[in-house]
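Biologist: Can you walk me through this one? Please keep the terms simple.

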Amino acid sequence: MFGSPLGLDDLHTCLAGIAPVELKGMGLLREQPHLIAGASSIPRQRLVEAVTEIVAYTGRCAAAARQLANLTPVPIRTIGIVEFVL
Amino acid sequence: MNLLAELYQQLALSLTADPLLLLASAVATFDPFWADFDDTDIDYETDPLTIALQVTRGVFPDIYAEAVERLRAGASYAEMDRLLCKAISAKGIPLNDLDTIGWGVPMTAVGVDLEDPEFYAIHTDLLPILAPFGIDTPESETYSVDLPECLHKVGCAIATNLHEQTDPALREVGWLFGWLFSCTGNSLVDYTDEMLSEIPPLSWSPDDIAFAVELIEEADGIMRDVQAGIEILKSTPQLQATLERNVAILYQILKKKGNLDEPTIRLEWTSAGDSADRTAVADPQFLLVRHDAA
């Protein structure tokens, strides 16, 4: 892959190919869509597990966003992205 | 089912059909404050409920889960106050009022100020225990009690020596004197509330919370030993007599040498563990020295 031009479409395909995340909270909502409206209750243990996992997930996402925002420029010499005349 | 409810249901079903919308719905449902808090800093100037949500989200996710569920159900501030205080207290941090959460981790000091006349008025049961140390307990109203010079040195030497005993009951009595003379090493046991208030409180960071829980648990354990020590001394007149003799020995050493070199001090104690076996217990260091000499 390195050394060959990478187009925007390729980049999009690459990102779109990432499998969707599967969190316990998503499973709970699939089982009980009423939860979205707050009209249903969940066993405490399952609720705690779902919240703990989502808090950790959102934390990782926020950390990743912070890191991306603070990236220093990296000179790319071996990858060509034609859309940006690189 | 009316039209509005049916619409709600269809909307909820649609939201769960797409992975991205499902993820967004899950985050909004289970972690609605995900974008509200900085991971590192807590704004102590903001309202108590927000602080509590940030603290629990970071350290006690089980409490946060319950709080979010109650908020979604429309719980009032008073209900949230009760829920959060009870849940955080159950984790080992005594939070009685949510309004105080912004002051940092609440802690209660149980230390003794022997110069405070009120102490003697409250703890009359301790007067016989303190009597051998030469404290003149106030008989009339006074602002401060005069303490003998080197009282704390002698008291701490007694506590240290008792801690070195193998008899667990004697070690409990050692915690009693550690508390009375503020030398347990646990700040909550050694400091009075007034002294503690002069120290900046611990923050609600995960590290500080873990430290606070450890400190409070240790203080509770020490105070249980202190209470046991009081009962042992009260019920063992021989031990009280031994205490009086050992305190006198230490004051004599101080008078002769001007200081207490604790490692060289040899004291004998009456066993306090079993009333049928209250024999003299030699200082284990002393036995070690004799063994080495042989």
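Modeller: A term to begin with: a residue is buried if 20 or more other C-beta atoms lie within 10 Å of its own, exposed if 12 or fewer, and partly exposed in between, with C-beta atoms placed from the backbone. Helices (H or I, at least four residues) and strands (E, at least two) are DSSP runs, numbered from the N terminus. This is a predicted model: local features need pLDDT of at least 70, side-chain atom pairs count only at pLDDT 80 or more, and totals for chains, interfaces and linings use all residues. Residues are numbered from 1 along each chain as its sequence is written, while chains are lettered from A and ligands numbered from 1 in the order in which they are written.

Biologist: Which residues are buried in helix 13 of chain B?

Modeller: B:Leu239, B:Thr242, B:Leu243, B:Asn246, B:Val247 and B:Leu250. They sit on the same side of helix 13 of chain B, because they cover an arc of only 140° around the axis (taken from the directions from the helix axis to the C-beta atoms).

Biologist: And which are exposed on the other side?

Modeller: B:Pro237, B:Ala241, B:Gln252, B:Lys255 and B:Lys256.

Biologist: What comes just after helix 13 of chain B?

Modeller: B:Gly258, with a positive phi of about 85°.

Biologist: New topic. Where does B:Lys91 lie?

Modeller: In the loop between helix 5 (77–90) and helix 6 (117–122) of chain B. B:Lys91 counts as partly exposed, because it has 15 C-beta neighbours inside 10 Å.

Biologist: What does B:Lys91 touch?

Modeller: B:Phe60 and B:Val213, leaving out residues up to four places away in sequence. Contact means that the C-beta atoms, placed from the backbone, lie within 7 Å.

How values were computed
Two residues are in contact if their C-beta atoms, placed from the backbone, lie within 7 Å.
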